[in-house]
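Keep the structure open while reading.

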Amino acid sequence: MPAHPLTEERRAAVTAALSRVAGGAVVVLREQHVGHDWAPVTRLRLDRDLPGVGASVIVKHLRVSGEGHGGPPYLRREAAGLRTAARSGVAPRLLHVDDGAGFLLQEDLGTWPTLQDHLLGDDPRAATAALVAMATAVGRLHATTVGSDAEHRDLLDAFSSDVTSGALYDLGADHWERVERQCADLRLPAGRPARAAVLRLLGRVAARGPHTALVHLDLNPTNVLITDDGARLIDFEGSRIGHTGIDACFLHYPFPHHSSPWGVLPPEAVESADTAYHAALTADGADLPAAGHGQALADGAVVALLGRLVRLPLIARPDQARADARRRRGQIVHQVGTCARLTERVEGLAAVTGWLQSLGAALTRRWPAAAASRAPVFPAFSR
């Protein structure tokens, strides 16, 4: 039983919307919960085909009515993201959104294994192919949405309501200062020597430029379906027009928002995915300069890492379950080290690289168990 099932009132609103789309009365024959226990996502089997859609759709609705994760701003961002992503062909089509009733209807992509399923499997070639498919889909998303700023803004403005609460990756100076304070409180290497370079980087990422497109921002393995026609991306609640490097760095970490289970990827798989991402940009003619990819990747990696470093007080808590502490600490040590390797390839980020290297060494000394053994690879690559 899902934690947030469809209510009778919302079910009636969904049925009415489906009938309008179909041009006649529609009966829902069966409901199938397809999200996580906490994710209200339901497949509806219908008594008739909808034109160009078929006899099933996906309905996604609010988890909470007011402020909080899964509230109205999240669903609004998803609706705007799906509409903006429509030309990419890598996301489900948005069929209808009802902001008042708190739900949206989208195309049913069908039942497919996720990237997570492949990573937890036993076939490294299939897992690598799935990663490459994901990278290709992300490249297409970015390539086809360059220059979509005004369109996306109009879609969000149409709601005339909050669309920013809970947005991922704060790019303001206050965010960096919070990381600095937390490092001081935890007696970790001070970030002040890197401050000027980080603030320039945040300004660069926040500015509209050649690496600006629709970004997903939550590319964890359960949000990627691996179909016969390539990867399809779902769950656009965090999406926005932003810097493509934040998405592109997810494979290098990998997956900053994912921890169930946490694993890392072999370098050769990461390289294959990175190459596929570049190829997708080129194939779709995106105005994203290949020569700037290293800079964009490093900038995005720093932003994504700062989004995790604000959790240092939680990661350092002594009253965690042992398994949680080991995973969280191992993950942050790995991400700091990976980010340092990406920034050291780019001119102008030497101060950031130096701070990251000293921070990684300090975290390893503090939590030796987190770095005592090699980071766990996903099961598909462990044989």
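## Basis

Axes here are lines fitted to C-alpha atoms, for helices over the stretch in contact, and angles run from 0 to 180 degrees between N-to-C directions. Helices (H or I, at least four residues) and strands (E, at least two) are DSSP runs, numbered from the N terminus.

This is a predicted model: local features need pLDDT of at least 70, side-chain atom pairs count only at pLDDT 80 or more, and totals for chains, interfaces and linings use all residues. Residues are numbered from 1 along each chain as its sequence is written, and side-chain values use heavy atoms, with hydrogens and water left out.

## Helices H10 and H12

Helix H10 spans residues 293-309 and helix H12 spans residues 322-343. Their axes come within 9 Å and cross at roughly 155°. H10 is therefore roughly antiparallel to H12 (angles over 145 degrees count as roughly antiparallel, under 35 as roughly parallel, 65 to 115 as roughly perpendicular and the rest as oblique). The crossing is left-handed: the near helix is turned anticlockwise from the far one by less than a right angle.

Contact means heavy atoms within 4.5 Å. H10 contributes Leu297, Ala298, Ala301, Val302, Leu305, Arg308 and Leu309. H12 contributes Ile332, Gln335, Val336, Cys339, Leu342 and Thr343. These contact residues divide into 10 nonpolar, two polar and one charged. Ala, Val, Leu, Ile, Met, Phe, Trp, Tyr, Cys and Pro count as nonpolar, Asp, Glu, Lys and Arg as charged, and the others, Gly among them, as polar.

## Salt bridges within helices

A salt bridge is a side-chain nitrogen of Lys or Arg within 4 Å of a carboxyl oxygen of Asp or Glu. The count comes to 17 salt bridges. One of them joins Glu8 and Arg11, at 2.9 Å from N to O. Both residues lie in helix H1 (residues 8-22), three residues apart, about one turn of the helix. Glu8 is exposed, at 62% relative accessibility. Arg11 is partly exposed, at 23%. (Buried means under 20% relative accessible area, exposed over 50%, partly exposed in between; 1.4 Å probe, protein chains only.)

Helix H12 holds Arg327 and Asp324, again three residues apart, about one turn. Their salt bridge is 3.5 Å, N to O. Asp324 is partly exposed, at 28% relative accessibility.

## A link across the sequence

Which side chain meets Lys60 in a salt bridge? The partner is Asp235, at 2.9 Å from N to O. Asp235 lies in the loop between strand S8 (230-233) and strand S9 (240-243), and Lys60 in strand S3 (residues 54-61), so the pair ties together parts 175 residues apart in sequence. Lys60 is buried, at 6% relative accessibility.
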